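Thanks for coming. I will walk through one model, starting at the surface and ending with the overall layout.

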Amino acid sequence: MKNKILTAVSTIMLFVPWTILPLRTFDWALELPAAEIMIACYAIFMVFSGIFTIISYVKAKVQNNLMKVCLIVNCLYAAAGVAFLGMMIKSKLM
């Protein structure tokens, strides 16, 4: 049961970052403070989902085929999230 729940959570985490696309169609989402906050929150979530999936795969030993796909995609999301946060921090420091 634990395996199914962790797999379901990791699978749902695959689709959450894509919800930024419809949000960015609103005018308020393109203005500076709201845009930065929204992108930072999504980047932090992407990093968290990568870490959660890695922990679920390694420590909880949830190693089914769907979890392997979630592991690859969420790790790519985590790397992109770290890059986005790094670019935001670099632009603030300069």
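What you see is a predicted model. Start with the surface, where Met1, Ile5 and Val9 make a nonpolar patch of about 320 Å². Methionine 1, one member of that patch, sits in the segment before helix H1, which covers 2–15. Is methionine 1 buried or exposed? Its relative accessibility is 76%, and the cut-off for exposed is over 50%, so methionine 1 counts as exposed.

Next, the helix that this segment leads into. Two packed helices are described by the angle between their axes and the distance between the axes. For H1 and H3, the axes come within 10 Å, and they cross at roughly 155°. How are H1 and H3 oriented to each other? Angles over 145 degrees count as roughly antiparallel, so H1 and H3 are roughly antiparallel to each other. As for handedness, the crossing of H1 and H3 is left-handed.

Side chains of opposite charge can pair when their charged atoms come close. How many salt bridges does the count come to? The count comes to one salt bridge. The partners are glutamate 36 and lysine 92, and their closest N and O atoms are 3.1 Å apart.

Helix H3 runs over 32–58 and helix H4 over 65–93, and lysine 61 is found in the loop between them. What is the phi of lysine 61? It is near 55°, a positive value in a residue other than glycine. Lysine 61 is also exposed, because its relative accessible area is 59%, against a cut-off of over 50%.

Now the whole chain. It has four helices and zero strands, and read along the sequence the pattern is α-α-α-α. Taken along the principal axes, the C-alpha atoms fill a box of roughly 45 × 30 × 15 Å. The chain has 94 residues, and buried residues make up 31% of them.

To recap, keep three places in view: the nonpolar patch of Met1, Ile5 and Val9, the left-handed crossing of H1 and H3, and the salt bridge of glutamate 36 with lysine 92.

Key. Residues are numbered from 1 along each chain as its sequence is written. This is a predicted model: local features need pLDDT of at least 70, side-chain atom pairs count only at pLDDT 80 or more; totals for chains, interfaces and linings use all residues. Side-chain values use heavy atoms; hydrogens and water are left out. Patches are made of residues with over 30% relative accessible area and no salt bridge: like charges are joined within 9 Å, nonpolar side chains (Val, Leu, Ile, Met, Phe, Trp, Tyr) within 5 Å. Accessible areas come from the Shrake-Rupley method with a 1.4 Å probe; for residues, only the protein chains shown count as cover. A salt bridge is a side-chain nitrogen of Lys or Arg within 4 Å of a carboxyl oxygen of Asp or Glu. Helices (H or I, at least four residues) and strands (E, at least two) are DSSP runs, numbered from the N terminus. Buried means under 20% relative accessible area, exposed over 50%, partly exposed in between (1.4 Å probe, protein chains only). Axes are lines fitted to C-alpha atoms, for helices over the stretch in contact, and angles run from 0 to 180 degrees between N-to-C directions. Angles under 35 degrees count as roughly parallel, over 145 as roughly antiparallel, 65 to 115 as roughly perpendicular and the rest as oblique. A crossing is left-handed if the near helix is turned anticlockwise from the far one by less than a right angle, and right-handed if clockwise.
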